[in-house]
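Hello,

Here is the structure I said I would pass on. My notes on it follow below.

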Amino acid sequence: VQLQASGGGLVQAGDSLRLSCAASGRTAMSYAVGWFRQAPGQVREFVAATGWSGANSYYEDYADSVKGRFTVSRDSARSTVYLQMNSLKPEDTAVYYCAAQRRSSVIFLPSRSASEYESWGQGTLVTVSS
């Protein structure tokens, strides 16, 4: 699967931004999607992910640093996953990447480990000024 991330930009602290991750092909129900970010000089870290807690029930997971501020959602008809980011902080500044992990079971909880993901988008830069 090929992924295209978009939506980054320069915002002020407290603002909101929505990132999009569009997947090629009819892959909506075949992959879990994770969001990761990498700040300058830092390792890539897990942000959020969406998988399945049942045949048609989505599951979301969030890093503690973004819980309550970020929301991950999926538009299956458009094969697109979104990351809604509210109350942005300067420490959220990073390149954000989306990645796909192939679904291997009906109940499929996405991994927090970047190494478990097979395909990656190109990254989109989010800069939050104070």
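The largest nonpolar core has 31 residues. Those with the most contacts inside this core are Trp 35, Val 47, Phe 70, Leu 83, Met 85 and Tyr 96. Please keep in mind that this is a predicted model.

Strand 9 gives the largest share of the core, five residues. The elements that contribute two or more residues are strand 1 (3–6), strand 3 (17–23), strand 4 (31–38), strand 5 (45–52), strand 7 (70–75), strand 8 (80–85), strand 9 and strand 11 (124–129).

Met 85 deserves a separate entry. Apart from neighbours within four places in sequence, Met 85 is in contact with Asp 15, Ser 16, Leu 17, Leu 19, Arg 69, Phe 70, Tyr 96 and Val 126.

Strand 3 and strand 8 run antiparallel and are joined by six bridges. Strand 3 also pairs with strand 1, again in the antiparallel sense, over four bridges. In that pairing, Ala 5 has Cys 21 of strand 3 as its bridge partner.

Strand 11 also has two pairings to report. With strand 9 the arrangement is antiparallel, with three bridges, and Ala 94 has Val 126 of strand 11 as its bridge partner. With strand 2 (residues 9–12) the arrangement is parallel, with four bridges, and Val 11 stands opposite Val 128 of strand 11.

Which residues of strand 11 are on its covered face, and which on its uncovered one? Thr 124, Val 126 and Val 128 make up the covered face, while Leu 125, Thr 127 and Ser 129 make up the uncovered one. In a regular strand the side chains alternate between the two faces of the sheet.

Lastly, the surface. Val 106, Ile 107 and Leu 109 form a nonpolar patch there, and together they have about 280 Å² of accessible area. Leu 109 lies in the loop between strand 9 (94–102) and strand 10 (119–120). The relative accessibility of Leu 109 is 47%, so this residue counts as partly exposed; the exposed class begins over 50%.

Regards

Terms used: Residues are numbered from 1 along each chain as its sequence is written. This is a predicted model: local features need pLDDT of at least 70, side-chain atom pairs count only at pLDDT 80 or more; totals for chains, interfaces and linings use all residues. Side-chain values use heavy atoms; hydrogens and water are left out. Patches are made of residues with over 30% relative accessible area and no salt bridge: like charges are joined within 9 Å, nonpolar side chains (Val, Leu, Ile, Met, Phe, Trp, Tyr) within 5 Å. Accessible areas come from the Shrake-Rupley method with a 1.4 Å probe; for residues, only the protein chains shown count as cover. A salt bridge is a side-chain nitrogen of Lys or Arg within 4 Å of a carboxyl oxygen of Asp or Glu. Buried means under 20% relative accessible area, exposed over 50%, partly exposed in between (1.4 Å probe, protein chains only). A nonpolar core is a set of buried Ala, Val, Leu, Ile, Met, Phe, Trp, Tyr and Cys residues joined through side-chain atoms within 4.5 Å. Contact means heavy atoms within 4.5 Å. Two strands pair if DSSP finds at least two bridges between them.
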